[in-house]
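Dear colleague,

I am passing on the structure that we spoke about, and below it you will find notes on what turned up. Please read them with the model open beside you.

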Amino acid sequence: MSESPRDAILLYIRMLNDLIIPNSFTYPCVIRACSAISEGRQVHAHVLKTGLGGDTFSLNNLIHMYVNFQSLEEARRVFNQMPSRSLVSCTTMIAGYGRSGHLDKALEVFESTPEKSSVLWNSMIAAFVQSNHLDEAFSLFERMLDEKILLDRYVAASILSACAGLGALELGKWIHSYIQSNKIKLDQKLATAIINMYCKCGCLEKALEVFNGLSYKGPSSWNAMIGGLAVHGKGKVALELFMEMEEEGVTPDQVTFLNVLNACAHSGLINEGREYFRYMKDVYGIEPRMEHYGCMVDILGRAGIICEAMEVIKEMPVNPDASVLGALFGACRIHRNIQLGEEMGREVIKLDPSNSGRYILLANLYASAGKWKEAAEVRKSMTDRGVEKVVGFSSIEFDGCINKFVAGGINHPESEVIYAKVEEMLGRIRQAGYRSDINEALHDLSEEEMETPLSYHSEKLAIAFGLLKTKPGDTIRISKNLRICRDCHCATKLVSEVFQREIIIRDRNRFHHFRSGECSCRDYW
């Protein structure tokens, strides 16, 4: 039936014509074969007419069908009318609400279920993770542990994804240790989640240790490791791993080549980027998607090869989206190409009018050229359209808790001592030569609050907290939801030297490993 669902529908119609009465075994198959919601509604009516309105299997399939057609109200109606709700019906409703972003309704279904198995806990945690509500996922996970629910590989994979999202390394390590101690089966999904967690928490060595220890490496594990090396600026190592993947006989896919091109972009490997962009099509017959074109434009644009980047865009078989033009726009900003940058900026805003970062980048481009009137007009258009600026924050894990800081924020219970540490930190790096360039910084604040003094950007607050809470020699790991600004990048290099600490900051685009006054990005970011 999976290969020809229409045949199932035709056979069902023939069955009715022959006056054969369907039973509870008939409808699950017929419901799954429906290709349109109108068809599904007719079958739903047949289920009720044949007296099977209380059949759990048929009702579960109806809920699944309505969820797949994104008709959540009809799915909920079936769910509410069930004489007894099964685990399948509850998890299907939670997943459906989760995918649609209705987390309050998903939680309502979860809380209304008296007996919660690990499958149900995983459904709700996964819904939070997929919607990027990571704090809620952590809270629910803690509650699950308090209620003595055993951690299985499905819950572990979901919460590891949350750890990766927030940079919660200590909790991620604990889950990995739990998996090992309890001999939980390490399938491909879970192995990939562990590798991804270590990569995104800035612990590349541990990710490689897990990867190398796998008895079987599927495509997802290779992709996670290549992608992890890419964002850490280990471009050449990522390409070496890709070649090893081919030697092992594992066929790369579109995700693999996206990671390979990202590795080239983050490490300035221009010729290699050109080669692999051709290679994916010539050798594996993989047609580049929008993301691949965006990577290629980024590779060339970062290097200042603007004309060739524009040629790539012109040769695209489809119109470029905001991400592709945004890569060229970003390159114009880096290389101060004001004329083309203005054109690209306005085009990107047209394609992505609700993204605050697009407006701010164009305003900053104008500001860098001294076009203050134009910069003000862009910011005004952003306000007039009701586009809200993304609030920048930096987070750092300590003692199992995630501490978040916003620029100039005073809500942290230890704000007074943290600000005192910031002043000490800045005083010491000034002695080492740190000087903030106010004019340059104003052009480079991205989405960070321009009104907040440079001294109190969220990264600096998080670093000060890290210096207060960790021992000499410990690595300080910070996650930031936006791009790190140049002033904070410069300051962190000096902090790493003066305080003799390794500081790892994961920003929106990549990882920065600061050590002994240098950064792994070599200022190529």
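A disulfide is taken here as a pair of cysteine sulfur atoms within 2.5 Å. By this rule the count comes to 0 disulfides. Cys 199 is in none, since its nearest cysteine sulfur, that of Cys 203, is 9.4 Å away. For Cys 401 the closest cysteine sulfur belongs to Cys 163 at 13 Å, which is too far for a bond.

Please keep in mind that this is a predicted model, in which local features need pLDDT of at least 70 and side-chain atom pairs count only at pLDDT 80 or more, while totals for chains, interfaces and linings use all residues. Residues are numbered from 1 along each chain as its sequence is written, and side-chain values use heavy atoms, with hydrogens and water left out.

As for accessibility, buried means under 20% relative accessible area, exposed over 50% and partly exposed in between (1.4 Å probe, protein chains only). Cys 199 counts as buried because its relative accessibility is 2%, whereas Cys 401, at 47%, is partly exposed.

Cys 199 is also in contact (heavy atoms within 4.5 Å) with Met 225, whose other contacts beyond four places in sequence include Ile 195, Leu 204 and Phe 211.

Finally, Thr 91 lies in helix 6, residues 87-100, where helices are DSSP runs of H or I with at least four residues, numbered from the N terminus. Thr 91 is buried, because its relative accessibility is 13%, and, leaving out residues up to four places away in sequence, it touches Val 119, Leu 120 and Ser 123.

Best wishes

Methods:
Helices (H or I, at least four residues) and strands (E, at least two) are DSSP runs, numbered from the N terminus.
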